[in-house]
Amino acid sequence: MTFSVALLLILALGVVAWLTARGKAAAFATSARSHSRPGHHGWYVALWAGVPALIFLIAWSATVPGLVASETLSAPAAVQLPADPMERSAVMAEVRGIASGELAGGFHPVSEQLAPIYRSATTRFGWIGFGIAALLALGGGAYAWFRLTPSFRARTAVERVVMIALIAASLIAIITTIGIVFSLLFESLRFFAKVSPIEFLFGTTWSPQTAIRADQVGSSGAFGAVPLFWGTIFIGAIIAMIVAIPLGLMSAIYLTQYAPPTARKWLKPILEMLAGVPTVVYGYFAALTVAPALRSFAATVGIPGASSESALAAGLVMGIMIIPFVSSMADDSIAAVPQSMRDGSLAMGATTSETIRKVLVPAALPGVVGGVLLAVSRAIGETMIVVMAAGLAANLTANPFASVTTVTTQIVQLLTGDQEFDSAKTLAAFALGLVLFLVTLLLNIVALGVVKKYREAYD
Amino acid sequence: MNAQNFADAATDSTAGTERDIKMVARDVNVYYGPKQAIKGVSIEIPTDEVTAFIGPSGCGKSTFLRTLNRMNDTVSGARVEGDIRLDGENIYDSSMDVVQLRARVGMVFQKPNPFPKSIFENVAYGTRIHGLASSRGEMEQIVEQSLKRAGLWDEVKDRLNDSGTALSGGQQQRLCIARAIAVDPEVILMDEPCSALDPIATAKIEELIHELRGRYAIAIVTHNMQQAARVSQRTAFFHLGHLVEYGDTSEMFTNPREQRTKDYITGRYG
């Protein structure tokens, strides 16, 4: 309550500071030659009035619950509280509910005694925070206000604040990534404390069900992830790429070398639209249309082990999904080959297709390879299509008509439904996630390196 | 008016000299979309001499050069009218195969454009696509001979497998010339071949042009009038898409007939 009032007050003070400081600066700007424009002076004072107070307010609102809780617990009535931490926190939750008026009465008698103490502490700390924030806003504004002179370098200071804000924005993505890596890493370490990394990385049996009762059958829990890695590579890096590389490359060649401008204008956006189709849509296309068709084909031809969920169905559809990635990367690299190279070949009497085969594609190859690696990294991280079409059986097979499973499918399986976060079954998901993350990271680094090296060659 | 002038010029300057003529252009017009870049140009390219095309930027000299091996076909919206003959054959006739035409009329570009392949493969490129060598030995012989003619052999003979793009600018341009002569063309078109090179590399290319004269008909576009005077026997002066004057280089530079040629050569504009 006091928090939102304080926020509004700070914003209002900021606006006032901006207007008055700008007015002051405008007044002296007419008489002397000022270093900064009046707007910069306005922003300088407004930032001093607003930013320190806002930072304090955020920090304060994070510490207040702790202060209130410790004050409540140090009250004489709190000695009756149960010693067990879980019961204690249940009582505290009741206290909070009664204090905020959400609950009419507590299950535990102590909570009704503690509620008024809690409420008064909340109000008191709220007002203390409000007061300090207001003082900071006024003090900061006044400090900045008295520094304003025609020679004061307000512009430099404001520009520096802008730069700091931009740095902070870009750091958020990086810090989040690091946070994700660490959370994966710690959960994986817990997993590897239960299952040896050797078994995980090189074992060939995957059966993550662990026994709940001793007499359960077939739930020994085996965590050999090789069938999952194979399934992922088989679908994402082999079948999908067999589809996507030739089709993507050929469409890029047509679009850059043969297509008249009008055709290019229409075809390129349509192709790129493929990348915008939600993967779940591809997933049901794979599961409902492609997979049954492949199974009946396999049954007709007499291929053994054909399943209604097959590596081929998922891989084919994933390949179609990846075409725009390969195509647009190849398109960029072919277009980046200098026209003089093309002219040189044509002037030798080479035909267009000879020029493409012998000069353009070899020259564009590093870029194309980079694009393919990026596409692979996307394909092996792809989840929805394989969840819907590839199946769950951890088979170690090279038969494309058989059902295989992938790393992402298993992560989904392990983490949906009710979980206990101390079993190897659940923690295995994090280890799988870590492996997937490391592999895609490596692929991306290599791909970007290849693309960058190639770009330098022609600049 | 230009056709008339040209007719006079042609009769004047060729009087008394018998020349073998390799290529003949009559009343050539080139359009880029609605814009006319070349206006009624008629010219003869002699077999055993170097012909220089000079003129201010945008006068159409490069455009005209590119019509001689139909490189303008690759520019969308370009249209060529008129009659251009190579040994009496109309090169814009539907029976003329552009692939064979370009094997007979080679081209060297303004900026050296070796392929990102080895030096050997660069020179062997044309020979391979036209299937001119029947064995590895023959291919090696063609590559060596072409590099020798281009004056590059001694500099690269020990590193034929290095990338062509790793050579210096002047060496790259001589590599491109070697690449062009490897398919044994009849005509070599050079589009400002020295404009991206330093004076020493330029001198080497000019020397090379001297040596190639007589073996190939050569047409060279240049911005540099001293270069035109040094390397060519015949000079054509283009202005605003017209061929203003065409004649013996020595006569053109000492005693131009047209006022515009005189102004350009003496540096009044351009």
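Helices here are DSSP runs of H or I at least four residues long, and strands are runs of E at least two long. Counted that way, chain A comes to 15 helices and 2 strands. Keep in mind as you look around that this is a predicted model.

Let's stay with chain A for a moment. A compact globule of 459 residues would have a radius of gyration near 23 Å, but chain A has 32 Å. Its C-alpha atoms fill a box of roughly 80 × 80 × 35 Å along the principal axes. Of its 459 residues, 41% count as buried.

The UniProt record, an unreviewed entry, lists several stretches of chain A as "transmembrane region", among them residues 275-298 and 359-377. How do those two look in the model? Residues 275-298 of chain A are 83% helix and 0% strand, with end C-alpha atoms 30 Å apart. Residues 359-377 of chain A are 100% helix, and their end C-alpha atoms lie 28 Å apart.

Now over to chain B, which comes to 11 helices and 10 strands. Its radius of gyration is 19 Å, close to the 18 Å that the globule rule gives for 270 residues, so chain B is as compact as a globular protein of that length. The C-alpha trace of chain B spans about 55 × 45 × 40 Å along its principal axes, and buried residues make up 54% of the chain. Chain B exposes about 11,400 Å², of which carbon and sulfur atoms supply 46%. It carries 31 positive and 36 negative side chains, and the centres of those two sets sit 5 Å apart.

Contacts across the sequence are worth a glance too. If you take contacts in chain B between residues at least 6 apart in sequence, 66% join residues at least 24 apart. For chain A, the corresponding share is 73%.

UniProt's unreviewed entry also annotates residues 23-265 of chain B as "domain: ABC transporter". Over that span, chain B is 37% helix and 27% strand, and the end C-alpha atoms are 26 Å apart.

To finish, zoom in on Thr261(B), which lies in helix H11 (residues 259-265) of chain B. Is Thr261(B) buried or exposed? Its relative accessibility is 0%, so Thr261(B) counts as buried, the cut-off being under 20%. Leaving aside neighbours within four places in sequence, Thr261(B) is in contact with Phe237(B), Val244(B), Glu245(B), Met252(B) and Pro256(B).

Methods:
Residues numbered from 1 in each chain as written. Chains lettered and ligands numbered in written order. Predicted model: local features only at pLDDT ≥ 70, side-chain atom pairs only at ≥ 80, totals over all residues. Heavy atoms only, no water. Rg over C-alpha atoms; globule rule 2.2 N^0.38 Å. Buried < 20%, exposed > 50% of the residue type's maximum accessible area, 1.4 Å probe, protein only. Contact = heavy atoms within 4.5 Å. Areas by Shrake-Rupley, 256 points an atom, 1.4 Å probe, with all protein chains shown as cover. Lys, Arg positive; Asp, Glu negative; His and termini not counted. Charge placed at Lys NZ, Arg CZ, Asp CG, Glu CD. UniProt positions renumbered as here; feature names shortened; annotations may be inferred.
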